[in-house]
Amino acid sequence: PFITQSTFFNFFQTVMSLTSSSSLHNLLIFLSLIATLQLTSTFPQSSQNELESLTLKCKFESSEDKGRSYYTCYAIGLENHHPNANFSDVIGEHLEGKENGDVEALIIKQQNVTFLPDGIGSIFENLVRLEVTKSGLTEVKKSNFDGLNLETLKLRKNQIKKVEKDSFEDLTALTELYLNHNEISELDGEVFASNSQLEVLQLEN
């Protein structure tokens, strides 16, 4: 919590006034100021803990990777700087005969995403390929992949500094993981313990 210089000065003046007067009026001012400081310092912290719901806007197309075709959502105009964001909905015109359950790949490229929102698995339950590239991503955590059974995960060319130990714990079908060209200085020795199917791992910066 932060106390500004002006707030401290007001606080100091109140305390000084109490040393020269024992009036009930000054005492009430003092107690009021203390209450104000508590509310001001705790409000920013509580707002950071609130869940922010986002709508994912997609351009649906077919894409290819290593000779395999995927029905794909290309994220459009995505911006998130909230650490507790969650995808609650998706909009975009599907190709004829397709729906969210047919989406196998999500590509977030050149967007503005400091934190990857959770909830991808609740929207695209059959997703096997996820790419977040050149989007300013700074961290990776386990909840990002809840409900997903990914085979390919590409997080290269971001600004990732933090990868939690259990980030990939539930991705037991993962065969390809790209974390290259980020700002990762160290990884826990057990971070890939659950990824026994991993064939490709790129970590170079």
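The model is predicted, so to speak of local features pLDDT must be at least 70, side-chain atom pairs count only at pLDDT 80 or more, and totals for chains, interfaces and linings use all residues. Residues are numbered from 1 along each chain as its sequence is written, and side-chain values use heavy atoms, with hydrogens and water left out.

**Strand β1 and its partners**

Let us start with β1, which covers residues 52–65. Strands here are DSSP runs of E with at least two residues, helices are runs of H or I with at least four, and both are numbered from the N terminus. Two strands count as paired if DSSP finds at least two bridges between them. The table sets out the two pairings of β1.

| Partner of β1 | Direction | Bridges |
|---|---|---|
| β2 (residues 68–75) | antiparallel | eight |
| β4 (residues 85–91) | parallel | six |

On the β2 side, Ser63 has Tyr70 as its bridge partner. The hairpin of β1 and β2 has two residues between the strands, and Lys66 takes a positive phi near 55° there. On the β4 side, Leu56 is bridged to Val90.

**The disulfide**

A disulfide is a pair of cysteine sulfur atoms within 2.5 Å, and by this rule there is one. Cys58 and Cys73 form the link, with their sulfur atoms 1.9 Å apart. Cys58 lies in β1 and Cys73 in β2, 15 residues apart. The angle about the S-S bond is -80°, a left-handed link. Are these cysteines buried or exposed? Buried means under 20% relative accessible area, exposed over 50%, and partly exposed in between (1.4 Å probe, protein chains only). Cys58 is buried because its relative accessible area is 5%, and Cys73 is buried because its value is 0%.

**The nonpolar core**

A nonpolar core is a set of buried Ala, Val, Leu, Ile, Met, Phe, Trp, Tyr and Cys residues joined through side-chain atoms within 4.5 Å. The largest one has 38 residues, and Leu56, Phe124, Leu130, Leu153 and Phe168 touch the most other members. Elements that each supply at least two residues include β5 (105–109), α3 (120–123) and β7 (129–133). β1 gives the most, with four residues.

Leu187, Leu201 and Leu203 make a nonpolar surface patch of about 210 Å². Leu201 sits in strand β12 (residues 200–202), and Leu201 counts as partly exposed because its relative accessibility is 37%. Patch residues have over 30% relative accessible area and no salt bridge; nonpolar side chains (Val, Leu, Ile, Met, Phe, Trp, Tyr) are joined within 5 Å, like charges within 9 Å. A salt bridge is a side-chain nitrogen of Lys or Arg within 4 Å of a carboxyl oxygen of Asp or Glu.

Key: Accessible areas come from the Shrake-Rupley method with a 1.4 Å probe; for residues, only the protein chains shown count as cover.
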